[in-house]
Amino acid sequence: FNKVEGFPKDFLWGGATASNQCEGAYNVGGKGLSTLDFVKFIEKKDRRNDIQTMDVTYDQLNQYLEDESNINFPKRRGIDFYHQYKEDIKLMAEMGFKTFRMSISWPRIFPTGMEEEPNEEGLKFYDAVFDELLANGIEPLVTMIHYEIPIELTKKYNGWESRELVDYFVKYTKTLLDRFKDKVKYWIIFNEINMMLASAYTGGGLFPEKSSRSNLEVKYQATHHQFLASALTTKYAREAAPNAKIGCMIARLETYPATCRPEDMLKAIQEDQLNVFYTDVMVRGKYPNYMTRYFEEHNIHLQTEKGDEEILACYTADYVAFSYYMTYLASSEPAKSETSGNLIGTLKNPYLELSEWNWPIDPIGLRITLNRLYDRYNVPLFIVENGLGAYDKLEDGKVHDPYRIDYLAKHITQMKEAVKDGVELLGYTTWGCIDLISAGTSEMSKRYGYIYVDQDDYGNGTLQRYKKDSFYWYKKVIASNGEDL
Ligand code: P53
């Protein structure tokens, strides 16, 4: 037996971003429009909740397409990473990043998603970014699709509802593997594939109201297409890029029973199944039995083709990547006190503090989830998002963010315990290592970074970068391989 003392020597410390939240340059270099270019900023007082304002109706989308004047679409400007990536990567290298998670924008490569040939200028941009990372000793970790799809695929096909999307997507991912296989080893195909049930935009341009099928049915149909697209991409990678490590990813929604009542425990297991269903398919290679019952009880009938099962069975993921922000409670009784910020509205856990956006903070939950996922799959895990969204104040060129250091230190401590428990963990990339536009609220003022970016919710600011206190702290953490917290 080998006793594990701490993080492995080659542990991949780093940070994570997504193209739509940081690149900007939404109409530069031949890029087509993406679904997320149409996510409007909504003032806090007018927001339904603190997490998902990405959902837009199809009618609203058409309205925006007709008249975009004077609408604040923050994801169009991002933080101008498109032009400032060299400076940003230099700062990451200064912190000692071993890896940097980023995503490629599909419409930057295929502007409408349906072109015969890729947009060379888009490919060149990512070539340059990867070269810069590698020159700085940073391993790229690349997400092929982080929520956004070319808007034309939404209009023509209702996004992932249509099976046509599979072929368009696989054409895109083959292009990426061919072009970047010598520069990129670690890939994640879909960001948080389970979040597509959350909104039209995270769902990749799927508008349930445009379909004749029930909301749930059309969403699981779209998920089936994403599973196929994922497996076929993996199939191609096995042939064309044999060194590639292909990951699947979910937003991990660890769920506790609200009490020790057996009914609550059962409910927690059932809710958890709806979360690990995705990784069950992508790692184990088949639909789990519990979903057969769920589909039946919810009158969901998926359209599948001969050969689908075999494709899913043959091309499974090498590792499980996941985001971890908080934990959830399940109760067999109707919820009494909802945590307002929660995505799926859970009960309030009295043992946990909330972030400024009402997200419960639960470091031990990270150890729990690492153990549970590892027990379930026995493949390496990768924490590719974790962090604290908070209001920061820039004063005299400095940002004091002890709250962020505290949050991260507690999570890293639990992560180390999980590694000692025997969990195989490839790395840790904290979310929004440089401040960027929030996915859920499109705010700039919800900040996660070690690097402060001078910009407000309306796009005012110099875009200048500043090192926060947490910048120096994380540098020390990486240098000590997670020992000096
Ligand atoms: P923001 C909800 C719950 C868990 C993960 O979110 C989520 C969301 C969406 O809000 O998404 C991931 O920016 C996502 C990132 C996102 C990050 O969480 O709303 O992959 O794109 O920025 C944080 O604070």
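**Ligand surroundings and helix packing**

Among the 17 residues around the ligand, those that come nearest are Gln21, Ala439, Gly440, Lys446 and Tyr448, where a residue is near if one of its heavy atoms lies within 4 Å of the molecule. This is a predicted model, in which local features need pLDDT of at least 70 and side-chain atom pairs count only at pLDDT 80 or more, while totals for chains, interfaces and linings use all residues. Residues are numbered from 1 along each chain as its sequence is written, and side-chain values use heavy atoms, with hydrogens and water left out.

**The ligand**

- The shell around the ligand is made up of 8 nonpolar, 6 polar and 3 charged residues.
- Histidine 146 has a polar side-chain atom 2.8 Å from an oxygen atom of the ligand, and for glutamate 385 the distance from such an atom to an oxygen atom of the ligand is 2.8 Å.
- Serine 438 places a polar side-chain atom 3.1 Å from an oxygen atom of the ligand.
- Taken alone, the ligand exposes 470 Å², of which the protein buries 99% (areas by the Shrake-Rupley method with a 1.4 Å probe).

**The helices**

- Helix 9 (residues 215–240) packs with helix 10 (residues 262–284) at an angle of about 30°, their axes being 10 Å apart, and these two helices are therefore roughly parallel to each other (angles under 35 degrees count as such).
- The crossing in which helix 9 passes helix 10 is right-handed.
- Helix 8 (residues 164–180) and helix 9 also pack at an angle of about 30°, with their axes 9 Å apart, and helix 8 passes helix 9 in a right-handed crossing.

Conventions. A polar contact is a pair of N or O atoms within 3.5 Å; within protein, one must be able to donate a hydrogen and the other to accept it, and residues adjacent in sequence count only if both atoms are side-chain atoms. Ala, Val, Leu, Ile, Met, Phe, Trp, Tyr, Cys and Pro count as nonpolar, Asp, Glu, Lys and Arg as charged, and the others, Gly among them, as polar. Axes are lines fitted to C-alpha atoms, for helices over the stretch in contact, and angles run from 0 to 180 degrees between N-to-C directions. Helices (H or I, at least four residues) and strands (E, at least two) are DSSP runs, numbered from the N terminus. Angles under 35 degrees count as roughly parallel, over 145 as roughly antiparallel, 65 to 115 as roughly perpendicular and the rest as oblique. A crossing is left-handed if the near helix is turned anticlockwise from the far one by less than a right angle, and right-handed if clockwise.
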